[in-house]
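Here's a protein to get to know through some questions and answers. Take a look at it first, then read on.

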Amino acid sequence: MEGPDSTAATKSHQVGDTSAKLNNLTHRIWPPTQRTRDAAINRLIETLSSSKSLLSKRYGTIPKEEASAAAVSIEQEAFSLARASFSGEDDNGMEILQVYSKEMSKRMLDTVKARAASTTSTAAPSDSAQVDSNNAVSAGGEEFISSSTKAEA
């Protein structure tokens, strides 16, 4: 029968092993899980098709079916571009996630602008319909980063 010393030694060894495993874990956010990518697609669909989004108020809404197809395309293109630009130097994936988010935002803005241009007359858009794409991309990138990390949690 084992004595109290051997039981304590076994428990101490188990705690040491668990502690070593936890110390070796790193939190990597790239590549995003499929759940995170799906959340990004759903957010794109909501933004493109909802009359409550700033882009929809400025450029009009896109029907849900068309928004869904556009969102999948936007996300896949942004993911492919970000993955191709990954050099392996980013330890936790933050930089590549920012590329991914900014690409989605840029492509979303390009999509709504192109659609608005094709549905409006040939008259030049008014100054109030112009958007600073740098600001839109930055704001969108931050929005996707926060929604991606929320979906990951």
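## Getting to know the fold

S80 lies in helix 4, and this is a predicted model.

Q: Is S80 buried, partly exposed or exposed?
A: S80 is a residue of helix 4. Buried would need under 20% relative accessible area, and exposed would need over 50%. With a relative accessible area of 36%, S80 is partly exposed.

Q: How far apart are the C-alpha atoms of S80 and Y100?
A: Along the chain, S80 and Y100 are 20 residues apart.

Q: What pattern does the protein follow, read along the sequence?
A: Start with the tally: there are six helices and zero strands. Read along the sequence, that comes out as α-α-α-α-α-α.

Q: What percentage of the contacts between residues at least 6 apart in sequence join residues at least 24 apart?
A: We're looking at a protein of 153 residues, 29% of which count as buried. Take its contacts between residues at least 6 apart in sequence, and look for those that join residues at least 24 apart. Their share is 75%.

Q: What kind of peptide bond joins W30 and P31?
A: P31 sits in the loop between helix 1 (4–24) and helix 2. Most peptide bonds are trans. Here, though, omega is about 0°, and the bond joining W30 and P31 is cis.

Q: How is helix 2 placed relative to helix 4?
A: Two packed helices are described by the angle between their axes and the distance between the axes. For helix 2 and helix 4, the axes come within 8 Å and cross at roughly 135°. That angle makes helix 2, relative to helix 4, oblique.

Q: How many nonpolar residues does the contact of helix 2 with helix 4 have?
A: On the helix 2 side, the residues are R37, I41, L44, I45, L48 and S49. They meet a set in helix 4 that includes K64, A67, V72, E75 and F79. By class, there are three polar residues, three charged ones, and a nonpolar count of 10.

Q: What is the handedness of the crossing of helix 4 and helix 5?
A: These two helices pack at an angle of about 145°, with their axes 8 Å apart. Their crossing is right-handed.

Q: How many charged residues are there in the contact of helix 4 with helix 5?
A: Helix 4 brings residues including E66, E75, E77 and R83, which meet a helix 5 set with E103, R107 and R115 among them. The contact also has 11 nonpolar residues and two polar ones. The charged count is seven.

Q: How are helix 2 and helix 5 placed relative to each other?
A: Helix 2 and helix 5 have axes 12 Å apart and pack at an angle of about 25°. Under 35 degrees is the cut-off that matters here. So the two are roughly parallel.

Q: Which residues in helix 5 do R37, A40, L44, T47 and L48 in helix 2 meet?
A: This contact divides into seven nonpolar residues, one polar and one charged. On the helix 5 side, the partners are Y100, M104, M108 and V112.

Q: Is L109 buried or exposed?
A: L109 is found in helix 5. Its C-alpha atom is separated by 7.7 Å from that of L55, 54 residues apart along the chain. At 2% relative accessibility, L109 counts as buried.

Q: How far apart are Y59 and A114 in space, C-alpha to C-alpha?
A: Y59 is in helix 3 and, at 15% relative accessibility, counts as buried. In sequence, Y59 and A114 are 55 residues apart. In space, C-alpha to C-alpha, the value is 9.5 Å.

Notes:
Residues are numbered from 1 along each chain as its sequence is written. This is a predicted model: local features need pLDDT of at least 70, side-chain atom pairs count only at pLDDT 80 or more; totals for chains, interfaces and linings use all residues. Side-chain values use heavy atoms; hydrogens and water are left out. Axes are lines fitted to C-alpha atoms, for helices over the stretch in contact, and angles run from 0 to 180 degrees between N-to-C directions. Helices (H or I, at least four residues) and strands (E, at least two) are DSSP runs, numbered from the N terminus. Angles under 35 degrees count as roughly parallel, over 145 as roughly antiparallel, 65 to 115 as roughly perpendicular and the rest as oblique. Contact means heavy atoms within 4.5 Å. Ala, Val, Leu, Ile, Met, Phe, Trp, Tyr, Cys and Pro count as nonpolar, Asp, Glu, Lys and Arg as charged, and the others, Gly among them, as polar. Buried means under 20% relative accessible area, exposed over 50%, partly exposed in between (1.4 Å probe, protein chains only). A crossing is left-handed if the near helix is turned anticlockwise from the far one by less than a right angle, and right-handed if clockwise.
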